[in-house]
Amino acid sequence: MSVYGKYIVKKFFWYFLTLVIAVTLNFLLPRMIEGNPVSMIVSEMTQGMTDSDTIKRVYETFLVEFGIDKPLWEQFFIYLKNLATGNLGTSFGLYPKPVTEILASAVPWTIGLQLPAILVGWIIGNVLGAVAAYRKGVFDKVIFPVALFVNSIPFFTLAIIMLYVFALSLNWFPLHGGYDYQMVPTLSFEFFASVLRHHTLPFLSIVLVTIGGQAIGMREMSIYELNSDYVLYSKLLGIRDSKIAKYVFRNAMLPQITGLALSIGTMVGGSLICEIVFSYPGIGTWMFTAIRQLDYPLISGCTLLIALAVLLANFTIDLIYGWIDPRIKAAQMEDQ
Amino acid sequence: MNSSFRILIKSPKFMFGACMLLAMIGMVLIYPLFNRNDPLEMIALAYQPPDSKLLLGSDNFGRDLFLELIYGIRTSLQVGLIAGVFATVIGLVIGLASGYIGGIIDNLLTAITNIFIVIPSFVILILISVSIDSRSSFVTAVIIGITSWPWTARAVRAQTSSLRNRDHVNIAKISGYSTPRIIVSEILPYIASYVVMAFVLQTASGILSEASISMLGLGPYNTISLGIIMNWALVFEAPVAGAWWAFIPAAISIAIITFSLYMMNTGMDEIFNPKIRS
């Protein structure tokens with residue numbers, strides 16, 4: 001097997017193990033709720049319902065889904081079997097809609113918002129950070145404190161402030177939602193424009209905060225690299241500045257890629273809360289609703305999906321990293 | 001320790017952050033002595049704008065938002081500090097154990113650390129918070145602490161395992177020092193600066209986590225925190241009502257606290273790692 005192939009297999013094994021643990025936690029933690037969750041939840045959600053037949057039907061649905069009368073390990077296997085067939089249970093809040101259906105409608109919005117926002121923020125942040133470290137002087141003195149301040153603003157805070165300034169006071173952008181209410185999703189130009197207009201504010205608020213954090217990290221890495229011996233040596237050799245900058249940038253870039261992998265969980269979490277502020281129809285907003293309604297199947301469906309997405313993103317970044325970092329190939333060669 | 005403290009005072013970044021934080025803490029401690037009202041008391045109409053009597057206006061229940069803000073900052077700082085202590089201590093113990101003992105324990109602990117770095121702590125935080133019925137601010141802080149240790153553990157492990165085979169540690173071993181004594185006198189002093197910095201960062205991220213989880217409606221009960229103030233503002237549609245005073249001051253308070261903590265951390269970083277000074 002090739003060196004890179006071995007690296008992939010090894011990584012895959014670790015991520016699979018991590019996934020198993022994430023799924024187990026997702027199963028176990030909500031079952032720590034004391035008492036019989038089914039009767040508790042059903043009594044809560046059927047408040048005001050008078051039809052005893054409906055109440056009984058609701059109760060039975062969840063009894064079967066949870067398998068509450070069986071031992072814990074058997075419940076776990078039922079849970080795994082359901083997962084494997086793509087069944088995440090029935091939502092309490094939107095009974096009898098299945099959780100998978102709700103999530104499927106939310107995923108495109110969340111991915112469409114977060115993936116471009118995190119990538120754009122990451123790229124701009126890295127460029128700014130590298131330039132700040134390289135140019136120093138006034139540029140650095142301005143960019144660094146601003147980036148530090150923006151980075152310490154929580155995602156949702158910036159979102160709230162932007163919502164107030166640009167949507168409420170200036171009326172430049174819509175207040176909430178993913179598209180205009182009166183529109184029916186079609187492939188028309190108007191619909192697309194409406195989606196874009198609703199997309200702008202949440203997108204910008206995620207991008208800005210991401211830029212802050214990435215610029216700080218990249219600046220630090222670049223300063224560290226600029227102070228190292230090979231830069232001085234190259235300068236003494238008379239190598240052009242632009243060429244040295246390229247060396248420095250490439251070396252400082254690698255830890256930034258690892259950094260992206262490690263912080264992607266936090267970023268996704270923060271962006272989900274951004275969605276709530278803008279009532280954007282993604283996973284975050286659904287989770288907000290689910291928590292308010294104590295809709296456990298939907299909450300646990302959301303957390304599972306988030307964990308899965310973050311693991312997948314990490315795995316992808318690890319694969320890219322193994323491909324572009326020569327040291328990993330070298331280390332694998334030594335092992336052989 | 002004394003001399004490093006003297007150097008710290010000379011760092012403008014550190015002093016700026018520390019002064020801002022101290023001013024915040026001072027305000028939070030002193031103001032309730034003058035204004036002895038209950039922050040949850042309803043004293044005005046809903047969403048009254050700020051005036052000379054109500055410094056930051058009132059919220060949807062007609063409560064004094066400035067007083068709420070003061071109590072909110074206090075809770076948020078407490079939660080952040082407790083979470084920071086828990087995360088740092090757990091991370092330190094696991095990092096030291098795996099770095100110093102090595103072998104199979106190291107492999108095991110490193111694997112666990114790596115797994116919990118990848119599983120988003122945000123998700124575990126939500127799952128635990130949903131499952132616990134009565135959350136005091138202390139419980140919330142502990143939950144945040146036990147979900148955010150992996151970073152510290154990983155860094156402490158890396159430092160410890162590189163220190164383990166140094167000459168002074170070997171000499172201590174030959175001299176028959178006990179393991180706890182070696183760790184306290186030969187390892188800890190070398191990673192102390194790092195641990196203090198990690199604690200500052202963990203406190204900042206603890207405050208952010210509390211705010212995020214409270215925004216979702218999973219915050220501590222029977223108390224006011226900055227996240228809870230913003231949750232109320234969102235649930236009762238303060239932005240639509242145009243009541244900026246219901247959420248902007250709380251949002252900016254969080255930003256100022258975390259900013260001052262980050263500033264302190266950067267200041268310390270530049271002093272303890274001369275290599276990254278520009």
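Mentor: The average pLDDT over chain B is 84, and 97% of its residues score at least 70. Where pLDDT is low, the predicted coordinates should not be read in detail. The model scores ipTM 0.78 and pTM 0.83.

Two conventions apply. Residues are numbered from 1 along each chain as its sequence is written, while chains are lettered from A and ligands numbered from 1 in the order in which they are written. As this is a predicted model, local features need pLDDT of at least 70 and side-chain atom pairs count only at pLDDT 80 or more, whereas totals for chains, interfaces and linings use all residues.

Chain B has 12 helices and 0 strands. Its C-alpha trace spans about 75 × 45 × 35 Å along the principal axes. Of its 278 residues, 49% count as buried; a residue is buried if 20 or more other C-beta atoms, placed from the backbone, lie within 10 Å of its own, exposed if 12 or fewer, and partly exposed in between. Two residues are in contact if their C-beta atoms, placed from the backbone, lie within 7 Å. Among contacts in chain B between residues at least 6 apart in sequence, 70% join residues at least 24 apart.

The contact between the chains takes 40 residues from chain B and 50 residues from chain A. On the side of chain B that touches chain A, α4 (103-118), α5 (121-131), α9 (179-215), α10 (226-235), α11 (238-241) and α12 (248-272) of chain B each supply at least two residues. By class, that side of chain B holds 31 nonpolar, 8 polar and 1 charged residues. In this scheme Ala, Val, Leu, Ile, Met, Phe, Trp, Tyr, Cys and Pro count as nonpolar, Asp, Glu, Lys and Arg as charged, and the others, Gly among them, as polar.

The largest nonpolar core has 156 residues, of which A:A159, A:M287, B:M230 and B:F247 touch the most other members. α3(B) gives the most to this core, with 15 residues. Such a core is a set of buried Ala, Val, Leu, Ile, Met, Phe, Trp, Tyr and Cys residues joined through C-beta atoms within 7 Å. Not counting residues up to four places away in sequence, B:F247 touches A:I160, B:M230, B:A233, B:A238 and B:P239.

B:T110 lies in helix α4 of chain B and counts as partly exposed because it has 19 C-beta neighbours inside 10 Å. B:T110 touches B:S98 and B:R157, leaving aside residues up to four places away in sequence. B:N222 lies in the loop between α9 and α10 of chain B and is exposed, with 9 other C-beta atoms within 10 Å. B:N222 has a positive phi of about 55° although it is not a glycine. Most residues other than glycine have a negative phi.

Note on methods:
pLDDT = per-residue confidence, 0-100. Helix = DSSP H or I, 4+ residues; strand = E, 2+ residues; numbered from the N terminus.
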